[in-house]
Each structure stands twice: as structure tokens, then as C-alpha cells.
Amino acid sequence: MESELQVVNPATEEVIASVPTATRRDVEEAVARAHGAQARWSALAPAERARLLRRFATVVDEHREELAWLEVREAGHPVTNARWEAGNVRDLLDYCAGGVERLNGAQIPVAGGVDLTFAEPLGVVAVIAPWNFPMPVAAWGSAPALAAGNAVILKPAEQTPLTALRLAGLAREAELPEGLFQVLPGEGPVAGAALVEHPGVAKVVFTGSTAVGREIMARCAGTVKRVTLELGGKSPNIVFADADLERAAATAPGAFLDNTGQDCCARSRILVQRTAYDRFLELLEPAVRAVSVGDPAQPATAMGPLISRAQRDRVSGFVPADAPVLIRGTAPEGPGFWYPATVLEGRPGEPATEQEVFGPVAVVLPFEDEAEAVTLANATPYGLAASLWTRDTARALRVSRAVRAGNLSVNSHSAVRYATPFGGYQQSGLGRELGPDALAAFTETKNVFISTEEQQ
Ligand code: NAI
Ligand code: MG
């Protein structure tokens, strides 16, 4: 029996598409097809694989507007962000295409012969993507996996299958072999779980909640699957009193409101040195209020709606009626899953201060000195990202090294670039995506020793 996913525009609550869901049987068939395609793909000359991936990048580039508007409609992303996202897919495909012919092995000095290593593809890789950045995250797993010689089966999130399906169509337009990059929209516990359990899938790349990531990691143990996990965060934005406070305050809203806070890197714990606390809040208030919230189709819009009613209920659960609100922005009335930007006084022990909200909500906490800033920053089971603002370069380096997180930004908030590694410490994840080693995460190292002894 086949069911359908209703795709809802979160800015209007209109159903914009319905998409059949993959069954366990569909997963079986997709894995079988992927094995055939992978064998053909990895047998192609490296230069030919690189050329096909570059062509895929070109076709994505030609359809950038279409992809961006799909992301606006199915995920409620402001169009300016969505355009960046489509460009990010193109750029990453290009970047990874450049790696195909650079997947070098090593020659290691040993006695009695020659020792070589080969970076071989794993086989079939499953990418399980979330709804918050449907298009880029799908590409972060898929592009390097394909470049390293694997086949990919992508399962998009229930809420956001449309850009993924379109990317699969564009891959065929670019003449990637049939079955090499398949997209199976479906439910996590059905299609997702079937991929995780399938003995023919060599690796799972998962981005989503820490709870599901933990379960996937445990289930991967059944077949000793490789796994990359990009999970939650509660990332700090540390503002020292010697910082450019104007700049720190002007950029702090974007750092927790971008994508309506549905960002695993959201800097949602703003830690401010006590001597600058009042001044910083004075500057923060107008900056939060200035963020334009509304129709994602308008190029000037900075913040759209949350993804779903369920997500809005979840987010509002973190802000009870008696919450210590310091700043509150505005949000449109009427249809759409809107939620205003909200800054709360941080209170250790409270859910909004301790847990990932995944909405436009930040807490502010004061600290006395550098040591306390580091202690507060590290007082979380997560460790994805952190920003710090100071004019003291030595301190910037000290604190960058002391904060246990994968992605630090000094006097900035930018975290994710396709050319630099991305991933989390502790319960924010396992493994790294992107960057110079992106392809290596999709290979096995084979060691071959060749004796140089004379043969009789
Ligand atoms: P989720 O973790 O359930 O969903 C992410 C992906 O995993 C989706 O494709 C889903 O279909 C799949 N999935 C779910 N259960 C699965 C299973 N048993 N086996 C295999 N795949 C499975 O996230 P959800 O429920 O959509 O969001 C809940 C919360 O998770 C959010 O409020 C947020 O806090 C967090 N989250 C964090 C993300 C991040 O980037 N760090 C992304 C999405 C959600
Ligand atoms: Mg879930």
C-alpha cells in the first residue's frame, strides 16, 4: 500500500505537491540498481567521471533559479538564501569533481618490496537529509560520495522532497549513469530505517536530530556500516568587552535567526562579558527588530516562517508565558508558521538555555572573565560551532583552542564553506564533511604489498 507525502508551503500552509513514499521494497530495488550503477561508474576513467560531475554542476547552474524557488516554496527559505543554496550545490559538485583525479594513494617505504595504498569506493552510500537545509545538505553527502566512485541513495526529509527529486532529474540530464544517484522520498522509520539496516549499503550519512542520529549509529552496528553524523548544537556567541561591540551586536541576530533559527550552527547562546552586557543589549535590541520577517519570495526578506506547525509548537514550548523575555521581534499574522525573533535572559537549568530550540530564540548570559567564558561555552553535550568577538588576537586563539567545537569563527559567524571541513565534537556528530578530505570519507584504504624478491 502506497502513501503520499503532502508538501506544504510553510509561508502559506498550502499543499503544493504530494509525493509517493518509498516502501521497504522500493529500497530493496534501489539498492540493487545502485550496485549495478556503481560498478559501471567506478569502471569509468577518472577523467570521465570528473567530466560528468562537472556537467552535473553546469546543469545545476542552469537550473539555479528553479531550484531556489522550489526551496522557497517547500522550505519557506528567503529567496536570497535559497539562491545561495543552489549555488552552493553547484560549487560543491565542481569542487568534488576536481578531487576525482586527485584521489591519490601512497607509496610507503618497506623492506623487500613496494607498498602501495589505494583509495577505493565503499559501494552504495545512503544520505539521509533533514528539512532545514534540504538542498545543500543533500549535496554535502552526495557530491563527494559520487566523486569518490560510489553510488548514492538520498532520502530527503518528509517535509522537503522536491529539491532532492529535481536534483536527481538534473543528474540524469547531465548524463550521470542511471541508478547512480537515486532519490527516495519516504518516512524516516520506513525508508530511512530500511537503508540503515540494508547489508548492501556501505555507509550512512545522516544529518538531523541527535536522538535519531544515536539510533542510526546503533543500528549501523548490525552490519558494521560506516557512518557520518551531523547532529544538533547549542552554539555560543562569545562577546568580550574589548570587541567591536557595534559589529558584534549588528551581526548577532543573523547568527541565530538565519533560516529562522533552524540551523544546527545557530549561535543561540549569546555570552557577554559583564562589563559590556548592558551596552551590548542596548545595541542588540534595534538590530533584532530591524530583521525583516515575512514573505520569503521578497529579496529583502531575511527571515521566513518555521517549517511546520509541529516545529512552531516545539519552539513555542521553549518560551512559556512567564519566560524572561528581553527582546521580541515581530511576525506576520495569518496563515504560515510564523514565530517572532525572541531573546531571553539565560537561566541555567531552563530548557531554552540548555537545549537546542531550532527556532528564532536565543538566550543571553553574562560572564566575568575568559575562564568563565570558556567554562560556559563548554557547558553543553554539543560542540558544533562557536563565535567569539575580541580585538585581542592572542585571546582569540586561546579561546578558539579551548572551546570544544568543530567550527570556530573569530569576529564573524560564517561556519560552512565547501572548501573547509565541517562537523561536530561530542554529541554534535561524528566525522567531517566538506573540505579537502571530503572524498576520503567515502573510501576504504587498501594496502598492497608487492614483493621484489626474485621469482624462481
Ligand atoms: P529527524 O532527525 O527525525 O529527521 C531528520 C531525517 O532523519 C529525516 O530525513 C527523517 O525522515 C529521518 N529519520 C527519522 N527517523 C529515522 C529513523 N528511525 N531511521 C532513519 N531515518 C530517520 O528530525 P525532525 O524530527 O524532523 O526534527 C526534530 C528536531 O531535530 C528539530 O526540532 C531539531 O531540533 C532537530 N534537527 C536538527 C537538525 C540539524 O541539522 N542538526 C536537522 C533537523 C532536525
Ligand atoms: Mg523526527
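This is a predicted model: local features need pLDDT of at least 70, side-chain atom pairs count only at pLDDT 80 or more; totals for chains, interfaces and linings use all residues.
I began with the overall layout. It is an open sheet of seven strands, ordered 12-13-14-11-10-15-16, and the pairing is mixed. I checked which strands sit at the edges: strand 12 (325-328) and strand 16, each of which pairs on one side only. I also looked up the twist, which averages 20 degrees from one strand to the next.

**Entry 2, neighbours of strand 15.** Strand 10 (residues 235-239) and strand 15 run parallel and are joined by three bridges. Then I turned to strand 16 (residues 407-410), which runs parallel to strand 15 and is joined to it by four bridges. Here Ser 387 stands opposite Ser 409.

I followed the chain onward from strand 15. Together with helix 14 (residues 393-402) and strand 16, strand 15 makes a β-α-β unit, and the unit is right-handed.

Is strand 15 buried or exposed? I went through residues 385-389 and found five of the five buried, so the strand is largely enclosed by the rest of the structure. For burial I used the cut-off of under 20% relative accessible area. Next I sorted the side chains by face. In a regular strand they alternate between the two faces of the sheet. Ala 385, Ser 387 and Trp 389 lie on one side of strand 15, Ala 386 and Leu 388 on the other, and both faces are covered.

Notes. Residues are numbered from 1 along each chain as its sequence is written. Chains are lettered from A and ligands numbered from 1 in the order in which they are written. Side-chain values use heavy atoms; hydrogens and water are left out. Buried means under 20% relative accessible area, exposed over 50%, partly exposed in between (1.4 Å probe, protein chains only). Two strands pair if DSSP finds at least two bridges between them. A crossover is right-handed if, with the strands pointing away from the viewer, the path from the first strand over the helix to the second runs clockwise. Axes are lines fitted to C-alpha atoms, for helices over the stretch in contact, and angles run from 0 to 180 degrees between N-to-C directions.
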